[in-house]
Amino acid sequence: MINNLLFDFTVDKATKTVFITREFDADLSLVWDAFTRAEILDQWVAPKPWTSKTKFMDFKVGGRRFYAMVSPEGQERWAIQKYTSISPKTNFKYQNAFADKDENPELPGSDWDLTFSEQNGTTTVSITIYNESLARMEKLIEMGFTEGFKMSMNNLENLLATLSERA
Amino acid sequence: METRRDVFQAIADPTRRAILLLIAAHSMTPNAIAEEFHTSRQAVSRHIQILTECELVKPEQKGREIYYHININKMKEIDKWIEQFKKILETQFNQLDKVLSTIKKQKK
């Protein structure tokens with residue numbers, strides 16, 4: 001599938017803030033549902049071959065989503081999102097933290113702010129992540145999400161090594 | 001889990017960023033670095049300590065003096081983590097594209 005949907009990603013290292021903008025070829029209410037309903041979230045948030053499993057999700061201010069990313073071997077990595085603000089079909093905010101299987105969050109987490117808007121059937125989602133730490137990024141990466149990427153990096157390194165031997 | 005310094009935290013401070021910029025050009029002694037700032041020597045020395053713990057700068061003994069120089073590999077590592085984080089998000093959103101298109105077809 002070729003898509004020319006916008007994907008913008010910038011990081012302000014000084015303020016530890018990540019800005020993401022992504023367009024989706026669907027109307028606003030469907031995209032809103034995809035981000036706020038557990039049964040749809042579980043279909044896309046875990047980079048394959050990982051899967052997502054939501055134990056509970058109470059989408060209201062003060063409510064929480066407790067979910068796990070499950071590895072192909074069945075290993076579970078739990079996380080908690082706590083909703084701090086919701087303006088239906090416009091914006092919602094939550095605090096995100098890794099957790100143990102007993103719902104104890106590993107603080108500090110990061111703060112997510114998502115804004116939705118639609119133009120001509122295309123929905124734009126603008127995400128700002130505050131206080132994302134390198135340690136948390138490392139953890140995500142350690143979880144094996146980027147196995148394919150790591151492999152291609154290794155391949156590249158081998159290739160470079162081979163080429164430099166020849167030179 | 002082991003506690004360790006967050007590299008983002010290290011570069012979040014304006015003085016520490018200024019130190020990095022300063023020694024990026026050439027390595028410097030703590031005294032020479034401190035002379036560039038209006039804050040106390042102790043404060044500058046604390047900043048250098050944090051940068052060293054994060055491996056963003058490296059001390060090097062030259063005669064009787066210690067010179068600090070920038071650790072380019074560590075700086076590159078930060079960009080690598082960010083790039084991988086971006087990849088994860090990219091993968092998620094591509095999966096969402098497929099889910100959205102499936103739901104749209106079901107509705108028709």
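Two residues are taken to be in contact if their C-beta atoms, placed from the backbone, lie within 7 Å. The legends below describe close-up views of a predicted model.

**View 1. Helix H1 of chain A and the elements that pack against it.** In helix H1 of chain A, which runs over residues 28–36, the residues Val31(A), Trp32(A) and Ala34(A) are buried. Seen down the axis of H1(A), these buried residues fall within an arc of 160 degrees, so they line one face of the helix.

**View 2. The overall form of chain B.** Chain B contains five helices and two strands, which follow one another along the sequence in the pattern α-α-α-α-β-β-α. Taken along the principal axes, its C-alpha atoms fill a box of roughly 75 × 30 × 25 Å. A compact globule of 108 residues would have a radius of gyration near 13 Å, whereas chain B has 21 Å. Of the 108 residues of chain B, 20% count as buried, and among its contacts with a separation of 6 or more, 51% are accounted for by residues 24 or more positions apart.

**View 3. The side of chain B that touches chain A.** Here 26 residues of chain B are in contact with 29 residues of chain A. The elements that give two or more residues to this side of chain B are H1 and helix H5 (72–107) of chain B, and H5(B) gives the most, with 20 residues. By residue class, this side of chain B divides into 15 nonpolar, four polar and seven charged residues.

View 4. Val44(B), His47(B), Ile48(B) and Leu51(B) are the buried residues of H4(B); seen down the axis of the helix, they fall within an arc of 100 degrees, so they line one face of H4(B). An α-helix has 3.6 residues a turn, so residues three or four places apart point the same way. On the other side of H4(B), Gln42(B) and Gln49(B) are exposed. The cover over the buried residues of H4(B) includes helix H1 (7–12), helix H2 (14–25), helix H3 (30–35), strand S1 (57–62) and strand S2 (65–70) of chain B. Just after H4(B), Glu55(B) takes a positive phi of about 65 degrees.

**View 5. The largest nonpolar core, and another core apart from it.** The largest nonpolar core has 17 residues, and those with the most contacts inside it are Ile23(B), Ile33(B), Ile48(B), Leu51(B) and Val57(B). The elements that give two or more residues to this core are H1, H2, H3, H4 and S2 of chain B, and H1(B) gives the most, with four residues. Apart from this core lies another, of eleven residues, among them Ala34(A), Leu41(A), Trp44(A) and Val125(A).

**View 6. The surroundings of Ile33(B).** When its neighbours within four places in sequence are left aside, Ile33(B) is in contact with Ile19(B), Leu22(B), Ile23(B), Met28(B), Val44(B), Ile48(B) and Tyr68(B).

How values were computed: Residues numbered from 1 in each chain as written. Chains lettered and ligands numbered in written order. Predicted model: local features only at pLDDT ≥ 70, side-chain atom pairs only at ≥ 80, totals over all residues. Buried ≥ 20, exposed ≤ 12 C-beta atoms within 10 Å, placed from the backbone. Arc of directions from axis to C-beta. Nonpolar A, V, L, I, M, F, W, Y, C, P; charged D, E, K, R; others polar. Rg over C-alpha atoms; globule rule 2.2 N^0.38 Å. Core = buried A, V, L, I, M, F, W, Y, C linked by C-beta atoms within 7 Å.
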